[in-house]
Amino acid sequence: MKSSSNAPPLLQVRGIGKRYGERVALQDAAFDLWPGEVLAVVGESGSGKSTLLNAVAARSRPDAGSVAFLGRDGVQHDVFALGEAQRRLLARTDWGFVHQDAAEGLRMDVSAGANVGERLMALGERHYGRLRATATEWLQRVEIDPARIDEAPRVFSGGMRQRLQIARNLVTRPRLVFMDEPTSGLDVSVQARLLDLLRQLTRQMQLAAIVVTHDLAVARLLAHRMLVMQRGRVVETGLTDQVLDDPQHPYTQLLVSSVLQP
Amino acid sequence: MNAPSELAVAMAATGTADTEAAPDFNFAYLDERTKRMIRRALLKAVAIPGYQVPFGSREMPLPYGWGTGGIQVTAAVIGPEDVLKVIDQGSDDTVNAVNIRRFFERTTGVATTTRTPQATLIQTRHRIPETPLAEGQVIVYQVPVPEPMQRLEPREAETRTLHGLAEYGLMHVKLYEDIARYGRIATTYDYPVLVNGRYVMAPSPIPKFDNPKMHMNPALQLFGAGREKRIYAVPPYTRVESLGFEDHPFEVQRWDVPCALCGATDSFLDEVITDDTGTRLHVCSDSDHCQSRRADAEAAGSGSTQ
């Protein structure tokens, strides 16, 4: 976390609001994200976590608010003012998006190697040998046996699919990754390995991340800061340890006390 | 008083109503409005090489997949002075070719030919003639699947966006898969091409052997997909590059035997099994090319003996 005082934050989110008809899904959400920082968004289901994530990742346009991303050129770009081509370019170079369901983020019928290489091919890489070498290297980094490079994710286990999805996103060395419940649906030991991997990768690559989760343990392990949401509003923000050990808002207190202690 | 009715009865009985003076059928089967609509789509297609233009494909008197798109395009561009050639897999005398040729003979009365240089309009299924096309000729392709990315990205809204933004990484994913699986690019037909440096296009299921012929071709190339309701075009002298990787470039098929009939070494060969013991014969797929080569050789042979 490098929060130098005069450089603008990597991502500046202000006043994001979203309605679905009469229902208010999200109201006045605002936060800053600094390079290399991991932010967890917690809350029960229906609290607007995923709506916030999709709005910030420019996957759906919010009704109100702005999102500014600090490009590699050192200039802040309003992501909703960018043209569609630029936004898509941003989404596949500087950003990554890890879906809860790996099938949404992967091409299930093409090989693991092509899944990892797709972003590079979209950016104009036209050398098979280099693509192959990069894919092998990334499979190793996410602890998938490189011998399985030619197998389709359809035959992979849930944990492997999730790791492959991470490799596919990180191959362009993005600076910001959005993760929507990356560990739910996996059993606990697989979850632990994935969390370990994510922690290692975010540290090595100086990766900023926004992780949406309902699992406070995930937030504690991964995140530097967290954001607690209830009914479309951000009710509490702060350092992870601070929020979890000394919750101030009644809802956060309820959330923390609901966790089973084995 | 009886005379007119007698005449009418006689005419009905013998069927000698003057159909030549007042034809019951419109020239080239389609009505004029449909032809105008298709011509508009064609103009747009020619203006934007490789771009798939939607058009209101009509019901045709034959099933989808038998060349309804190609027939509509041909019917929209054919004129009474045209000389038509129809080929199916390189041959002028297979079922599809014979039927489409007869269809246009009956609905337009134009002259037909099997000789490539004599034709002004060629409708083809799955081949480009070996004889190089010339300026002024038009070749119409029958296209079953106009969208080259369809098998990897089934959402049409998404493939249109990809075309619009020229995001063609997906095409290389397909080729990557080929190399990963077979050690080389195993796509042998409908091999994707980049037209005029902008649009990736499905060249219809021609063998990739024919892909280089599309590049800078002096003839006008039109593509019609009837079921998918798309028309696209490659104007004369347009760049058409086949996609590939730097270390696995595009290559055409090669055969280590010449044509068994005409001895050609530079044409696309079909493998024909000639008996029950598995004897094989490689012959030119382009029957007109093969025949004219044999006729030339005969003429040269008889000329030299006399």
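Figure 1. Just after α4(A), A:G124 takes a positive phi of about 105°. Helices here are DSSP runs of H or I with at least four residues, strands are runs of E with at least two, and both are numbered from the N terminus. Please keep in mind that this is a predicted model: local features need pLDDT of at least 70, side-chain atom pairs count only at pLDDT 80 or more, and totals for chains, interfaces and linings use all residues. Residues are numbered from 1 along each chain as its sequence is written, while chains are lettered from A and ligands numbered from 1 in the order in which they are written.

**Figure 2. Helix α4 of chain A and its cover.** Eleven of the eleven residues of α4(A) are buried, among them A:N115, A:E118 and A:R119. Buried means that 20 or more other C-beta atoms lie within 10 Å of the residue's own; with 12 or fewer a residue is exposed, and in between it is partly exposed, with C-beta atoms placed from the backbone. The cover over these buried residues includes α2 (84-93), α5 and α6 (158-170) of chain A, together with α6 (169-182) of chain B.

**Figure 3. Helix α4 against helix α5 in chain A.** Two packed helices are described by the angle between their axes and the distance between the axes. Here, α4 (residues 112-122) and α5 (residues 128-141) of chain A pack at an angle of about 115°, with their axes 9 Å apart. The axes are lines fitted to C-alpha atoms, for helices over the stretch in contact, and angles run from 0 to 180 degrees between N-to-C directions. From α4(A), residues including A:V116, A:L120 and A:M121 take part, and from α5(A), residues including A:L131, A:W138 and A:L139. Contact requires C-beta atoms, placed from the backbone, within 7 Å. The residues of this contact divide into eight nonpolar, three polar and one charged. Nonpolar covers Ala, Val, Leu, Ile, Met, Phe, Trp, Tyr, Cys and Pro; charged covers Asp, Glu, Lys and Arg; the others, Gly among them, are polar.

**Figure 4. A four-stranded sheet in chain A.** This open sheet has the order β2-β1-β4-β5, with antiparallel pairing. β2 (23-33) and β5 (76-78) of chain A stand at the edges with a single partner strand each, so one side of each is left without a neighbour in the sheet. Neighbouring strands of this sheet are turned by 25° against each other on average, direction ignored. Strand β1 (residues 11-20) is joined to β4 (residues 64-70) of chain A by five bridges, and A:Q12 stands opposite A:A68 in β4(A). Strands count as paired if DSSP finds at least two bridges between them.

**Figure 5. Strand β9 of chain B and its partners.** Five of the five residues of β9 (residues 230-234) of chain B are buried, so this strand is largely enclosed by the rest of the structure. B:R230, B:Y232 and B:V234 point one way, and B:I231 and B:A233 the other way. Two bridges join β1 (residues 53-54) of chain B to β9(B), with B:P54 opposite B:R230. Strand β8 (residues 220-225) of chain B pairs with β9(B) in the antiparallel sense over five bridges, and B:F223 stands opposite B:Y232. β8(B) and β9(B) form a hairpin with four residues between them, and B:K229 in the turn has a positive phi of about 60°.

Note on methods. Contact = placed C-beta atoms within 7 Å.
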